[in-house]
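Please read its numbered points with the model at hand.

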Amino acid sequence: MTTKQFLLSTFFLLMAGWSTANAEDGSRLWLRLDNVSNPTTITGVKGTAMTELQTYWQGSPVVLKRQKGLAKDGYTIKSQGDKIVIAAANDAGLLYGAYHLLRLQQTGNTTTSLDISEKPFYDLRILNHWDNPDGTCERGFAGKSIFLNPNPERLKMYARANASVGINGTVLNNVNAKPEALSTASLEKAKSIADQLRPYGIRVYLSINFASPIKVGGLPTADPLDKKVVGWWKEKVNEIYKLIPDFGGFLVKANSEGEPGPQDFGRTHADGANMLAGVLKPHKGIVMWRAFVYAPQSPDRANQAYLEFMPLDGQFADNVIIQIKNGPVDFQPREPYSPLFTAMQKTQMMVEFQLTQEYLGAANHLVYLAPMWQEFFSFVKPSSLRAMAGVANIGDDINWCGHHFAQANWYAFGRAAWNPALTPKEIADEWLAQTFTDNPSFVSTVSQLMLDSREAAVSYMMPLGIHHIFAGVHHYGPEPWYSPKGLRADWTPPYYHKADAVGLGFNRTLTGSANVKQYPEALCQLYNDINTCPENLLTWFHHVPWNHKMKSGRTFWDELCHKYDDGVHETRRFLAMWDAMQSYVDAQRFSEVQRKLRIQTRDSEWWRDACLLYFQTFSHRPIPQDVEHPVHNLDEMMNFRIPISMYENPQCGYNK
Ligand code: GCW
């Protein structure tokens with residue numbers, strides 16, 4: 001398309017009632033727009049903006065205009081006479097402006113007298129798929145990989161959904177990368193996906209296996225300082241860019257959980273990352289190098305990323321970004337922020353959030369994650385980071401994410417990466433209005449449910465700083481006792497909760513693992529003292545005596561019982577709130593969500609009973625009279641197994 005401006009005509013809603021005629025299976029995500037015309041196909045990102053508006057926009061004519069001086073990907077939307085002008089410095093900005101306009105229409109906001117100006121906070125807003133070549137998704141709870149046999153219509157919907165919230169990058173394969181990710185056949189497949197995503201402003205990236213020069217290239221070593229190894233990577237990267245000229249770069253998990261890395265050859269993370277960065281640089285590619293590292297013998301896993309990466313601060317090339325999980329252990333319901341974020345001063349960093357609910361009830365529990373990210377950003381300044389990554393919760397399930405409300409986490413990720421100052425409520429409200437209905441009583445009730453859901457999950461799973469007490473392998477239910485002989489200690493819950501006759505929790509104070517020292521002085525002091533440490537992180541930092549006096553006046557044991565029980569009551573309240581929404585929601589999605597909320601309610605009882613009855617074997621204290629008493633038996637729960645792998649969502653939770 002060569003014309004600089006394109007005038008779009010006004011369309012009328014011709015097919016009222018169209019949406020109700022469709023199956024309400026969640027496949028349309030939040031893009032439930034009524035089709036008002038069938039546009040002629042126009043190519044390119046600007047063409048996509050035009051096509052989206054022609055197909056769905058019902059208001060005044062829109063002019064799309066390129067304008068210098070605006071931020072990359074940013075846009076303005078202004079009402080001018082009887083027209084609306086979207087201006088942007090690049091075509092992606094025009095596309096984001098178009099989606100903004102459609103969002104206003106869909107959420108019932110005014111589309112007159114517009115004077116909007118937007119730009120993304122982060123340049124890179126990227127999803128990480130943990131998808132394997134055989135189509136399984138590690139920690140995926142929504143079916144098989146959408147990239148296994150990509151269906152063009154689904155891929156288009158995926159691209160639209162991402163672009164509609166500003167996501168502009170996607171890593172196609174698991175960080176536990178198989179060497180064959182770089183085989184010519186896989187690269188050709190990646191090319192075909194890249195071609196389909198490009199019109200939506202989305203670039204593709206790949207996870208690589210650091211030992212690829214050996215495993216794919218047949219070289220005797222993958223030493224990053226070996227000339228032949230560098231030469232192999234150069235050739236491979238050239239091959240990639242021939243196929244995918246706008247390829248984004250590599251994501252690397254190295255020397256972590258058995259994956260190969262530069263340390264296998266006596267080199268550092270910086271040596272490894274910089275070698276790849278050097279090869280990608282002429283093509284403007286980047287390296288996202290993960291800091292998720294920990295060795296089995298460490299007395300405190302939470303200390304390790306800092307110990308390995310701090311000495312390298314300032315040594316990374318300018319096209320390397322260190323990708324750090326939000327917390328120092330692993331995507332727990334609540335963790336303090338990873339102290340690397342405030343410690344590293346001379347290194348580009350990005351945060352990795354997990355949208356897939358590995359430790360949060362998989363695709364069975366409704367847990368809205370934006371409040372967790374907001375909590376993170378109350379400690380880590382958004383401006384100290386270069387980018388945001390989200391581990392995707394997307395699969396080939398008809399509703400994409402396994403749970404209708406898990407779609408909200410995908411949506412919220414994009415919105416928060418665009419603007420981390422948006423509140424979780426603002427994001428929930430606009431998602432609900434688009435996905436279900438903009439009826440104010442529905443939106444206000446269900447948005448409150450979403451906002452309360454993360455704290456509820458913390459309460460019924462791991463209150464007061466408890467962490468990593470999940471069932472082995474699939475991480476779905478409670479198994480605080482899980483400790484098979486021979487398994488490395490840091491993969492077992494007792495390593496983390498350290499329950500004994502005295503109390504519960506990991507001593508990370510100066511008298512313990514000294515993890516508190518990795519935080520800035522003021523926080524170090526705050527966390528180090530059991531009387532000032534925030535109670536929601538108490539057992540994270542302290543081995544808390546069962547009789548420790550809490551702010552409520554209760555003993556720690558009694559408080560623990562109350563917290564677990566509060567969590568259970570919250571899930572029942574959520575179910576009742578949802579039940580009251582029946583008249584606002586189509587039958588299919590209403591009952592599917594209801595079914596999941598029932599599972600969540602039963603699971604919360606399972607969590608409460610398993611944890612309290614097990615910890616009681618150490619505390620030897622009674623469960624207070626004013627909390628509901630366990631309805632399960634400990635021995636039954638200890639013998640209960642869910643026979644699934646880490647690639648599946650349990651059909652239902654505890655079902656004895
Ligand atoms: O949370 C753990 C998961 C692994 C995952 C790993 C990681 C991709 O249990 O399944 O592997 O983190 O983030 O590398």
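1. A polar side-chain atom of arginine 290 lies 2.6 Å from an oxygen atom of the ligand. This is a polar contact, that is, a pair of N or O atoms within 3.5 Å; within protein, one must be able to donate a hydrogen and the other to accept it, and residues adjacent in sequence count only if both atoms are side-chain atoms. The protein covers 97% of the 340 Å² of accessible area that the ligand has on its own (Shrake-Rupley method with a 1.4 Å probe; for residues, only the protein chains shown count as cover).

2. The model is predicted: local features need pLDDT of at least 70, side-chain atom pairs count only at pLDDT 80 or more, and totals for chains, interfaces and linings use all residues. Residues are numbered from 1 along each chain as its sequence is written, and side-chain values use heavy atoms, with hydrogens and water left out.

3. For lysine 253, an N or O atom of the side chain is 2.6 Å from a ligand oxygen; for arginine 139, a polar side-chain atom is 2.9 Å from an oxygen atom of the ligand.

4. The ligand has 15 residues around it, of which Glu138, Lys253, Arg290, Asp330 and Glu358 come nearest (a residue is near if one of its heavy atoms lies within 4 Å). This shell divides into eight charged, three polar and four nonpolar residues. Here Asp, Glu, Lys and Arg count as charged, Ala, Val, Leu, Ile, Met, Phe, Trp, Tyr, Cys and Pro as nonpolar, and the others, Gly among them, as polar.

5. The whole structure holds 48 aromatic pairs. Rings of Phe, Tyr and Trp (its six-membered ring) pair if their centres lie within 6.5 Å; planes under 30 degrees apart are stacked, over 60 edge-to-face, and the rest tilted. Tyrosine 519 and tyrosine 527 form an edge-to-face pair, with 5.4 Å between centres and 90 degrees between planes. One aromatic cluster consists of Phe405, Trp431, Phe436, Phe442, Trp578, Tyr584 and Phe590.

6. How many disulfides are there? The count is zero, where a disulfide is a pair of cysteine sulfur atoms within 2.5 Å. Cysteine 524 is in no disulfide, and its nearest cysteine sulfur, that of cysteine 533, is 11 Å away. Cysteine 524 is buried, at 6% relative accessible area (buried means under 20%, exposed over 50%, partly exposed in between; 1.4 Å probe, protein chains only). Cysteine 533 is buried at 1%.
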